[in-house]
Amino acid sequence: MSTPSPRPGLATLTDRLGFLYGGDYNPEQWSPEVWIEDARLMQQAGVNLATVGVFSWASLEPEPGRFTFGWLQQVIELLAEHDVAIDLATPTASPPPWMGHRWPESLPVNRDGIRLGYGARNHYCASSSVYREHSRRIVTELLDRFADHPAVAMWHVGNEYGTPCYCDLCAERFRSWLQDRYGDLDALNAAWGTTFWSQRYSDWAEIIPPRRAPYVINPSQRLDFRRFISDQLLDLYRDQRTMIIERRPDLPVTTNLMRFYPGADYRQWAPELDIIADDNYPDPNDPDSIVEASLSNDLMRTLGGDRGWMYLEQASGAVNWRGHNVAKSVRRTRLESLRAIGRGADGSCYFQWRASTAGTERFHAALVPHAGEDSERWRAVVAHGQELRTLRPVLDQRVHADVAIVFDWSSWWAAEEETVPSDRLQVHAQLKAWYRQLWERGVSADIVGSGDDLSRYRVVLAPSAYLLDDAAQANLRGYVADGGALVLGPFAGVADRNGHVRRGRFPVGLTDLIGASGEQWLPLPDADELRIESDLLGNGPVTIWAEQLRAEGAEVIASFSGGPVDGLPAVLRHRSGSGTAWYVGTVPAPEQLARLLGAVLAERDVRPVLPDLPSGIEAVRRGRLLFVINHASTTTSVPAPGSWRDLLTGRTVTDRLDLDGEDVVILDPRSAAG
Amino acid sequence: MSTPSPRPGLATLTDRLGFLYGGDYNPEQWSPEVWIEDARLMQQAGVNLATVGVFSWASLEPEPGRFTFGWLQQVIELLAEHDVAIDLATPTASPPPWMGHRWPESLPVNRDGIRLGYGARNHYCASSSVYREHSRRIVTELLDRFADHPAVAMWHVGNEYGTPCYCDLCAERFRSWLQDRYGDLDALNAAWGTTFWSQRYSDWAEIIPPRRAPYVINPSQRLDFRRFISDQLLDLYRDQRTMIIERRPDLPVTTNLMRFYPGADYRQWAPELDIIADDNYPDPNDPDSIVEASLSNDLMRTLGGDRGWMYLEQASGAVNWRGHNVAKSVRRTRLESLRAIGRGADGSCYFQWRASTAGTERFHAALVPHAGEDSERWRAVVAHGQELRTLRPVLDQRVHADVAIVFDWSSWWAAEEETVPSDRLQVHAQLKAWYRQLWERGVSADIVGSGDDLSRYRVVLAPSAYLLDDAAQANLRGYVADGGALVLGPFAGVADRNGHVRRGRFPVGLTDLIGASGEQWLPLPDADELRIESDLLGNGPVTIWAEQLRAEGAEVIASFSGGPVDGLPAVLRHRSGSGTAWYVGTVPAPEQLARLLGAVLAERDVRPVLPDLPSGIEAVRRGRLLFVINHASTTTSVPAPGSWRDLLTGRTVTDRLDLDGEDVVILDPRSAAG
Amino acid sequence: MSTPSPRPGLATLTDRLGFLYGGDYNPEQWSPEVWIEDARLMQQAGVNLATVGVFSWASLEPEPGRFTFGWLQQVIELLAEHDVAIDLATPTASPPPWMGHRWPESLPVNRDGIRLGYGARNHYCASSSVYREHSRRIVTELLDRFADHPAVAMWHVGNEYGTPCYCDLCAERFRSWLQDRYGDLDALNAAWGTTFWSQRYSDWAEIIPPRRAPYVINPSQRLDFRRFISDQLLDLYRDQRTMIIERRPDLPVTTNLMRFYPGADYRQWAPELDIIADDNYPDPNDPDSIVEASLSNDLMRTLGGDRGWMYLEQASGAVNWRGHNVAKSVRRTRLESLRAIGRGADGSCYFQWRASTAGTERFHAALVPHAGEDSERWRAVVAHGQELRTLRPVLDQRVHADVAIVFDWSSWWAAEEETVPSDRLQVHAQLKAWYRQLWERGVSADIVGSGDDLSRYRVVLAPSAYLLDDAAQANLRGYVADGGALVLGPFAGVADRNGHVRRGRFPVGLTDLIGASGEQWLPLPDADELRIESDLLGNGPVTIWAEQLRAEGAEVIASFSGGPVDGLPAVLRHRSGSGTAWYVGTVPAPEQLARLLGAVLAERDVRPVLPDLPSGIEAVRRGRLLFVINHASTTTSVPAPGSWRDLLTGRTVTDRLDLDGEDVVILDPRSAAG
């Protein structure tokens, strides 16, 4: 028996092409004259990768079984001649109108039982055999024609998978999925707790998706339905991926993820993607989006592991799907590309190459704007392409993180069900608040699953670990036992894998680990002003949430002051095994959280990449290279002890750096570089 | 001919058991080992009543016609052995999945025509014969097995009736209901005013429920549909009640109400409930909920009349169905139980006995919390059980009220239709604002219908009497003629029984009673600052609403100052017959309202139970016993002239009482007690 | 060949009756005794026009094919005897219940595919042949009976056309409409840009209305659907109009419009209406509604052109369909009537004559209020009737405007699609902001289409000209070339007739006209404080929007200060041909906008009707007569140079006028009048 050879990844492209630069190219929107101009402009901008065909189904198969591949052939040739590699997409994200028209059962049904129409995109039911068979046929045709084309460097299956469907076909598939998961009905009834509200199923056929009902649906059923949808969409993707690999085992196959997307468990998907590819559109109108984008980059980097990751989509300016679409400036556009590279990206691609004049995304920015070449935007696109070519040394470097943050999709779903103690305790907000503390001090973090190997991390943070299955509990216990430092946030360890609340003083199964236990979760009254008092953390207000805790061996780091928990522990630290477990039973103010996480990092000797980072400055180390990014609009002076060379400009930096507003430097230590 | 013997009520239980204490017990969620622990704990806590079987249908009849009653038999025996009486529920609030699966017509349809799914609860159509017949069968089976079981002390039909349905079967029933009400189509057309907008019906078959339409539905049709839904649900309840009474005429039968629930006219329901039983979940995060809960208690007490009332459901901590679920502290939980008892309750039960680990209500508090016995909550549950056993003397006492507040469901529905002058003039808010003035001065009130006998009351308040049918008008006139004091709030006497506006200067038919008449209702512009000026009430702002009034014999108590009604009367008093009628054509500020109602009470010599109540102190007299309740979190000194014994602690109180935060005393006058 | 004789219009009525005064009369709601009272009261109030029959279908045809016209005959006779002319309505806005009951396909379907019910009004599908045939039948019957009745002075078809429908019949009609517009599928695919998102249609049958879909529908499809709905409703109207004209070519036929209603392109409708008739309900609770109502009056006046216009519906007090319905005072009610007359109206009618006691509009004000004759309201109604009789000299006068404001429905629809750069840049708000500047200085404006003849205007403002088709572009260019002054607001000239973005530096095709071009639209970040600096306009803040502009020959009038556009042009002026084009690439503060438009008007010598108008004073000239209106509630002193006679009171005014709060004068210059 032989191990299967590892799948090809990003390196198969970057080894040859360097940093990937380009974007979605939708030539069917344009005339052949424009194609020629496009090819010329791509070359001018240093574009080396174009994703082609994402929305081409109706152009490739205008009627069922009638195929028109000539134009695509022509485009691929043209791009190849201009040194642009092709990321060839299967066009199955948007079936042509003829499919919904002839086979309405191929269209998705919403929670209300309403069958949705075509005229937008994503109008397919993942369980429809009509949709699946037509998808396979168009992929077969694509492979027959282009599998061996030398310009096709990678394959891109579908697009932004995400449409749930509640139709009867999906109900059937849901049942099969549940049968696989639970084996028999008794197990399912137990897993869903169907004795409550008289929901016991006596026949598999009785099970339906969580459709609109007179009141709130069983949360375990909903949790499983979300898992099912993720798996079902993954199955759809895998279907085509398998076909492609059979024909071209040497080419990477992927699809585009969407950062912290709630509709699919990307940790399950990651192994099936040869390249981790993200679509990410931080809102320039939201100051929080700066930290959020870094966090998303780190998620992708972690999912990619050694394989790296890339941006398949970002905006070169404004998007069009928010209410008020503030544009990224050209400086900020460049900054975000370099920030992603600092956080491990090996490619920076955009949606889309040329701005549409029609269709829903006609106001979505593009590398070639409506204004054309005579524009600041285009000049910036060309300059960035040039700049990326100088970054080849970066490709060898990898980000190393000493800190991990636990984040599980199942836990996210379960923790934000409709009937939890508080809809104000949001998983992503908690994650972001804790991550922000690392970001501000220039400490890198991986975003890991609760079941992942944690042994390599000096510190593990779990700001929101509501659902921890038995294996995850064991994993966290083992991590601490072996010397790790674990920080558990509020409402942790509440639920088991089915989303059932574990019985006993919480966190059930982890109380000895944290040396404390709790009786009651206490969403805070609006009128109360609760504080914590602490020698280590200082005194400060807390919001949203408190817990009624009791120390059972742990050291009380902070106590509540005021309200029904006056004098009770709020934050605890417990030496356990060779390690330490912290428990934070509230939502502290940023200042207290900063001191808390600062203390944890200090105890474990986790050091920032640069000391004393000024506000607005992001710093991240990719291997030996240090990316320093100024998010402020004005020049900021940054301490940078030592002697460095800026990879982008070649200039020397010694001990201190004056960084322009929205500028980035990539510092190479003198000793290494010189 | 013999009068039918009166129905058994609360006394059949309390005579034997004392105060009722306990809650919903859902043993199907637990293993037999847990049942044994539950029985032991119930005994420990002094629980004497458990509601069993509310959501047991799927556990009792896992497939149509296959019954599994063994477990229930076992549980009932076990509880009986531990001195816990059974409130046996028919499980028809949540049909098993097999019903909706096999007979989709048993599922309800919403306004949009969408048939709702199962997976939650309440998924039944009240008109479905499938649902009705299966309901009768399971009730027959329950009766066959448990009707004669000595532990079954009362019966509980369904649960929180409330689901409206707009299906074709309901359309048919709606037509029958209308035929009964109106006899012929002409009468219906007149009652609904169908000449407007060309809505005249020429055939009964044309009539449909008020389904989704392109614009606003006929308000009289909507009003009748709400009445129909209430009657239809009542009919559903009555169906089963009749079956039970036939078998056990000696046992009380009831269902659980939901305070001021807009979906059913509880005054119509009350005669059919042997025990008035309420579910009440004041929001600890809403300071207003303190007064609202007392008001709800008074509604239930009034509905119960001599029969008393009880809490069938309240929360022992937090609920789970609000967005942000603040928990009641253990002190507040006890306080709310004793407050209800002060307001006439003879039983204090909870949803639910043991906290679920799965299902939608897994975060709903319970008497046995997730944390189990090792918890402050459990210790408080035990202590409260003990305390309730000392309260037996309270059972003989009844609350007496000198004041009545008029509240009709039909009027509520009609007054808050979509197209009234202002959606800011809310019936319940008006009711609460006026009631608060009584609450703050320790004056008890009954909550009565406009057609009820008012002769026993010294003062009758009608803060929101929009719809008054002819009989109600005569009733109010007679009350004043006979010497009563009536206070009418704004927008009173507008509509007749069909919700039609009476023609003429308003309040049509009552203008001679109030000695004034009005021409126009005037919702206030946001920009206007209107005030009233008055010797009696002082000057102060008014909000939301003014009226263009003219005194016609009445004394002007307050006049408007500013706006289009500058100088016109705002509040009037008219001596009429042997009594007095007041009219308040605006929404005064609390201070003016306080002075106004204070003057009315003083004129009629209605005295508070204690003088000079400090803020946050609630005082209510139940017979000779005085309940004093401190809603504040800190100790408050309360004047209590005289000498008293605290029933709970035995301590003596003379003239003044220092009451701890969230504490309650029950004062027995020395002369009476000693 | 003969030219068709011009259609009869308002003059056919006003020549005989003077100013039209009256309202909707729905006698089917009342008994014959009330009819007699109504006729008497109409005469007392000077009512000379009653719209009868709008909602009478069910009363005229209680069952299919059974007609009952007797009561209507009686009412018409009665009114005729009291000198009230009849505006006879076809009752097709609200089909009787029997239609929806027997032929559900006659009911409309919403975006979700839900068929809406009856019980309100407007429950018809414009494509339903059942509805159309029954409509024709009832109109035929009406004509057979009343076409020759001398009291019938005009015809009123349907009511407030507006219901869209998404059913399969409408899908078919939509396809026919598209076939007419585009001829072949290739043209349609090009017009809708269907290559994007794989939406190419291969068969007409595939095309559907923009129903609910998983994501945002193609904007060109939506734009065409809105055009189709407008045309489809117009076709419905035209159907009946043709029938009426055939029988009585000498009577005017119309329907009632609804100011800036987004559901129909009234500029397409206007030629088919013999009388431009508006329904207008300014919200007295919204201070902005004062200017908005004048703007709406000016729209109607422009649509009417030489034919004039009238109010068919306004409120005499409060409406009932807002949440909080503040009433107009009697003074304000009169003011609004006279304001409309000042802006060209020749009739002032109301919904409705007598206040309903039942139905959805029972709280809608009426000329005869619920309170009846003994009311301030009724006395005011009588007084206003009297006053209107003195205004006969006004009828000969016409408003003349030197300024035009461009407003197109297609552009409005396209500019507010879901995926444009900002939903904060609202077309109507922009229109209102610019119009307000004219209003405040007493300058009249016509509201014209971008393709209309502009040669008569000294100034043309285009505050929101997003979509300009090729002809409109040529029209604007020609206007400037010939000496006009054009002011283009932000986001102008973006889209072509299909809503496609024109490629190039914007405004594509107009850059030489404005002597400038732009690269990027820049919705402003919430955090940014952007300003403009200008010698001419002064410095001030801007909001919502900036543009990245470059002067190419134009003079920079104002520059941005701050943000990404610091120093770039914000407002430009370009002498072009014999004229001037201004471009405003932002949303200036009112003060800067005032200076800007002031400068434009001054350059073109457009003078206010009165100098130095105080705040809250509206002044408009109708021919030689000057209407001066005080919107404030207190007396205001207004400069009125010269000597005048007030037409209403006969008093003389010299140089200055003290105008009471909410009062109006109509000034006739002494020289002319004397």
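Start your tour in chain B of this predicted model: select helix 6 and helix 9 of chain B, which cross in a right-handed way.

**Stop 1: two helices in chain B**

Helix 6 covers residues 129-146 and helix 9 covers residues 219-247. Their axes lie 10 Å apart, at an angle of about 25 degrees. Angles under 35 degrees count as roughly parallel, and therefore helix 6 and helix 9 of chain B are described as roughly parallel to each other.

Now show the side chains where these two helices touch. From helix 6, pick Arg132(B), Ser135(B), Arg136(B), Val139(B) and Leu143(B). From helix 9, pick Asp239(B), Gln240(B), Met243(B), Ile244(B) and Arg247(B).

**Stop 2: a loop in chain B**

Stay in chain B and move to the loop between helix 18 (590-603) and strand 22 (617-622), where you will find Pro614(B). Which residues does Pro614(B) touch, leaving aside its neighbours within four places in sequence? The answer is Thr636(B) and Val638(B). Pro614(B) is partly exposed, with 14 other C-beta atoms within 10 Å.

Asp612(B) also sits in the loop between helix 18 and strand 22 of chain B. Its phi is near 50 degrees, a positive value in a residue other than glycine. Is Asp612(B) buried or exposed? It has 11 other C-beta atoms within 10 Å, and 12 or fewer count as exposed, so Asp612(B) is exposed.

Next, select Glu662(B), in the loop between strand 25 (652-659) and strand 26 (664-669) of chain B. Glu662(B) has a phi near 50 degrees, again positive in a residue other than glycine. Here 20 other C-beta atoms lie within 10 Å, so Glu662(B) is buried.

**Stop 3**

**Stop 4: two cis peptide bonds**

While you are in chain C, zoom in on the bond between Phe506(C) and Pro507(C), which is cis, with omega about -10 degrees. Pro507(C) belongs to the loop between strand 13 (485-488) and helix 17 (511-514) of chain C.

Then jump to chain A and select Phe351(A) and Gln352(A). The peptide bond from Phe351(A) to Gln352(A) is cis, with omega near -10 degrees. Gln352(A) lies in the loop between strand 9 (345-350) and helix 13 (376-389) of chain A.

**Stop 5: all of chain A**

Finally, zoom out until chain A fills your view. Chain A has 19 helices and 26 strands, and its C-alpha atoms fill a box of roughly 75 × 75 × 55 Å along the principal axes. A compact globule of 674 residues would have a radius of gyration near 26 Å, and chain A agrees, with 26 Å. Of its 674 residues, 60% count as buried. Among contacts in chain A between residues at least 6 apart in sequence, 72% join residues at least 24 apart.

Notes:
Residues are numbered from 1 along each chain as its sequence is written. Chains are lettered from A and ligands numbered from 1 in the order in which they are written. This is a predicted model: local features need pLDDT of at least 70, side-chain atom pairs count only at pLDDT 80 or more; totals for chains, interfaces and linings use all residues. Axes are lines fitted to C-alpha atoms, for helices over the stretch in contact, and angles run from 0 to 180 degrees between N-to-C directions. Helices (H or I, at least four residues) and strands (E, at least two) are DSSP runs, numbered from the N terminus. Angles under 35 degrees count as roughly parallel, over 145 as roughly antiparallel, 65 to 115 as roughly perpendicular and the rest as oblique. A crossing is left-handed if the near helix is turned anticlockwise from the far one by less than a right angle, and right-handed if clockwise. Two residues are in contact if their C-beta atoms, placed from the backbone, lie within 7 Å. The radius of gyration is taken over C-alpha atoms; the globule rule is 2.2 Å times the number of residues to the power 0.38.
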